[in-house]
Amino acid sequence: IYKIDNMKISIKTRLGKERADEFYKLIEIYNKYPLEELIIHPRTREDFYGNTPNLEVFKDALKLSKHSICYIFTLNSYNKIINEFPEVNKVMLGRGILANPGLIGEIKNNEFANKEIIKMFHDEIFENYTILLNEDKNAMYRMKELWGYMSHIFTNNKKYYKKIKKAKKAIDYKNSVNSLFIEKDIIKVAVLFNN
């Protein structure tokens with residue numbers, strides 16, 4: 001890939017497959033190549049999205065890497081990471097933006113998205129999926145994936161999320177989504193993943 005002219009390469013990595021100490025061998029490999037940045041999710045593949053991010057190995061990565069480091073986070077670790085590691089000037093939102101479409105506003109301006117904005121976000125994506133896929137049934141199935149993340153920003157969401165997941169027809173899906181937006185509130189600070 002480095003034979004291609006004028007291409008900047010970034011790599012997203014975990015600390016290792018099974019153990020975090022695998023990262024020390026990985027960083028030697030990454031340092032051999034000209035990278036635009038190294039994006040680090042400070043968990044192992046085995047951790048998936050469980051366990052606590054390993055910030056000790058991440059701290060070592062900052063010292064050992066020859067490249068600019070970007071920390072990948074989900075929802076509420078932004079301030080902690082920026083305060084603890086001031087040399088990190090890039091973050092990747094990851095699934096956090098799917099779970100909370102207002103996350104950028106929260107980080108930049110301390111402004112929280114309201115239901116109307118999130119509903120507009122939902123409706124625009126659904127409408128565009130419907131156009132792209134040429135039918136609302138396939139669009140509905142794509143939207144169900146989004147709800148796996150986004151449902152968590154609503155209070156008492158389980159019953160509504162279950163109805164959304166079980167919907168077989170687009171009209172049932174739309175009715176379930178509308179009920180959730182009408183009857184439930186947005187949680188100001190939603191916790192989805194163990195950051």
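At what angle do helix α7 and helix α8 pack, and how far apart are their axes? This is a predicted model, so local features need pLDDT of at least 70 and side-chain atom pairs count only at pLDDT 80 or more, while totals for chains, interfaces and linings use all residues. Residues are numbered from 1 along each chain as its sequence is written, and side-chain values use heavy atoms, leaving out hydrogens and water.

**View 1. Helix α7 packs with helix α8.** Here α7 (residues 136-150) and α8 (residues 158-166) pack at about 165°, with axes 9 Å apart. That makes the pair roughly antiparallel (the word covers angles over 145 degrees). Look for Lys144, Trp147 and Gly148 in α7, which meet Tyr161, Ile164, Lys165 and Lys166 in α8 (contact means heavy atoms within 4.5 Å). Sort the residues of this contact and you get 3 nonpolar, 1 polar and 3 charged.

**View 2. Glu37 sits in strand β2.** The strand spans residues 37-44, and Glu37 is buried at 15% relative accessible area (buried means under 20%, with a 1.4 Å probe and protein chains only). Its side chain joins that of Lys90 in a polar contact of 3.2 Å (a pair of N or O atoms within 3.5 Å, where one must be able to donate a hydrogen and the other to accept it; residues adjacent in sequence count only if both atoms are side-chain atoms). Leaving aside neighbours within four places in sequence, Glu37 also touches other residues, including Ile9, Ser68 and Cys70.

**View 3. Asn156 lies in the loop between α7 and α8.** Asn156 isn't a glycine, yet it has a positive phi of about 40°. At 61% relative accessibility, Asn156 is exposed (that means over 50%).

Terms used: Axes are lines fitted to C-alpha atoms, for helices over the stretch in contact, and angles run from 0 to 180 degrees between N-to-C directions. Helices (H or I, at least four residues) and strands (E, at least two) are DSSP runs, numbered from the N terminus. Angles under 35 degrees count as roughly parallel, over 145 as roughly antiparallel, 65 to 115 as roughly perpendicular and the rest as oblique. Ala, Val, Leu, Ile, Met, Phe, Trp, Tyr, Cys and Pro count as nonpolar, Asp, Glu, Lys and Arg as charged, and the others, Gly among them, as polar.
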